[in-house]
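Subject: Structure handover

Hello,

Here is the structure for your files. Please open it alongside this note. My findings follow below.

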Amino acid sequence: DFMKQGHGMLLLYTLKNPSYPEYSFSSESGIMCLDFHSDHPYLLAVGFYDGNVAIYNLKKASSQPSYKSSAKSGKHTEPVWQVKWQKDDMDNNSNFFSVSSDGRIVSWTLVKSELVHMDVIKLSADGTTMQGPEGLQLQTFGSGTSFDFHKKIDYLFLVGTEEGKIYKCSKNYSNQFLDVFEAHHMAVDSVIWNPFHLKVFISCSSDWTVKIWDHTIKTPMFVYDLGAAVGDVAWSPYSSTVFAAVTIDGQAHVFDLNVNKLEPLCTQLVVTSKKNKTTHVQFNPVYPIIIVGDEQGLIICLKLSPNLRKMPKEKKGQEVKKGPEVEIEKLEKLLSLVREPGSNE
């Protein structure tokens with residue numbers, strides 16, 4: 001709440017002991033997002049409500065972040081909604097991106113002992129200038145809410161905004177977009193590339209919908225109305241057609257398009273209190289577990305029952321193919337059913 005700004009906490013748990021965190025850090029401002037470095041998992045990038053970003057190093061016994069932005073060094077002017085590590089740059093410096101409601105997407109590089117920032121993109125809202133008092137031209141900026149980087153095409157990324165648009169952007173062009181999707185009627189809460197199929201991404205929004213897209217086509221391939229604002233969506237790491245979403249009425253939904261294209265395999269109430277809302281969902285990269293976070297600060301860990309992770313049955317004498325190619329094929333088959341016949345894609 002902007003009027004009652006409190007402090008923030010960063011807690012790290014292990015499933016071996018869910019009742020007490022292994023590490024805890026407290027900060028002056030609320031923490032909105034975090035991301036572990038994939039090659040150096042002890043490095044954790046975080047974004048704060050006050051617009052700052054920081055890096056915590058879990059190897060150091062300090063309760064303070066090892067690096068933090070400041071008003072001098074390009075901090076955002078509004079909450080940071082997402083941070084994502086990138087591959088190390090040419091000089092082997094670690095770097096990550098951040099997106100904020102202030103419309104800036106900023107790249108932060110660890111050079112020697114400081115965070116060096118560079119604005120990658122400024123999102124401008126439509127009808128970019130607004131008439132201010134006495135004929136002043138005021139610049140209005142689109143508010144970034146979420147983003148994701150393509151798994152293979154290094155420069156390509158998507159940005160979701162509070163206005164409901166999704167921009168396809170390139171790290172190489174800072175002042176123009178490759179494409180704009182008129183995706184949702186309300187804020188885009190999450191946008192994520194499919195881990196297997198390189199053309200597909202998913203988005204969810206407060207307008208109650210989850211949509212699956214092919215980034216070369218302007219209209220969504222699949223649209224699901226979940227009956228309440230969707231706080232977050234996540235692809236599963238083991239199947240190209242499985243995703244989970246959480247809605248603010250406290251429900252978690254699990255879909256497998258390969259089993260049912262029209263509705264979820266499971267919709268389960270996770271949070272019972274009416275005042276509470278589920279806000280985040282994430283798959284464990286190895287085990288069939290999802291983790292759901294809610295507005296009261298509770299974290300619920302759920303195991304997917306065997307029905308929710310049906311593997312293709314093995315016929316006698318036939319080996320069931322597994323692997324990324326199979327996953328791509330599976331999703332491609334579903335997409336080809338909904339793509340317009342005669343389109344050259």
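A salt bridge here is a side-chain nitrogen of Lys or Arg within 4 Å of a carboxyl oxygen of Asp or Glu. By that rule, a search of the whole structure finds six salt bridges. Keep in mind that this is a predicted model.

Salt bridges

Arginine 104 and aspartate 102 meet through their side chains, at 3.6 Å from N to O. Arginine 104 is buried, with a relative accessible area of 11%. Aspartate 102 is also buried, at 8%.

Helix α1 holds another pair. Lysine 330 forms a salt bridge with glutamate 327, with the closest N and O atoms 3.1 Å apart. Both residues lie in α1, three residues apart, which is about one turn of the helix. Glutamate 327 is buried, at 11% relative accessible area. Elsewhere, salt bridges with shared partners join Lys84, Asp148 and Lys151 into one network.

Lysine 151 is partly exposed, at 40% relative accessible area. Aspartate 148 counts as buried, at 6%.

The β13-β14 hairpin

Strand β13 spans residues 144-149, and six of its six residues are buried. Its partner is β14, residues 156-161; the two pair in the antiparallel sense over five bridges. They form a hairpin with six residues between them. Phenylalanine 147 stands opposite valine 159 in β14.

The open sheet

Four strands form an open sheet in the order β17-β18-β19-β20, with antiparallel pairing. β17 (188-193) and β20 stand at the edges and have a single partner strand each, so one side of each is left without a neighbour in the sheet. Neighbouring strands are turned by 15 degrees against each other on average, direction ignored. β18 and β19 pair over five bridges. Cysteine 204 has valine 210 in β19 as its bridge partner.

Nonpolar cores

Which residues have the most contacts inside the largest nonpolar core? They are Val210, Ile212, Tyr224 and Phe243, in a core of 20 residues. Six elements each supply at least two residues of this core: β18 (200-205), β19 (209-214), β20 (222-225), β21 (230-235), β22 (242-247) and α1 (324-338). A second, separate core has 15 residues, including Ala244, Val254, Val270 and Phe283.

Best regards

Terms used
Residues are numbered from 1 along each chain as its sequence is written. This is a predicted model: local features need pLDDT of at least 70, side-chain atom pairs count only at pLDDT 80 or more; totals for chains, interfaces and linings use all residues. Side-chain values use heavy atoms; hydrogens and water are left out. Buried means under 20% relative accessible area, exposed over 50%, partly exposed in between (1.4 Å probe, protein chains only). Two strands pair if DSSP finds at least two bridges between them. A nonpolar core is a set of buried Ala, Val, Leu, Ile, Met, Phe, Trp, Tyr and Cys residues joined through side-chain atoms within 4.5 Å. Axes are lines fitted to C-alpha atoms, for helices over the stretch in contact, and angles run from 0 to 180 degrees between N-to-C directions.
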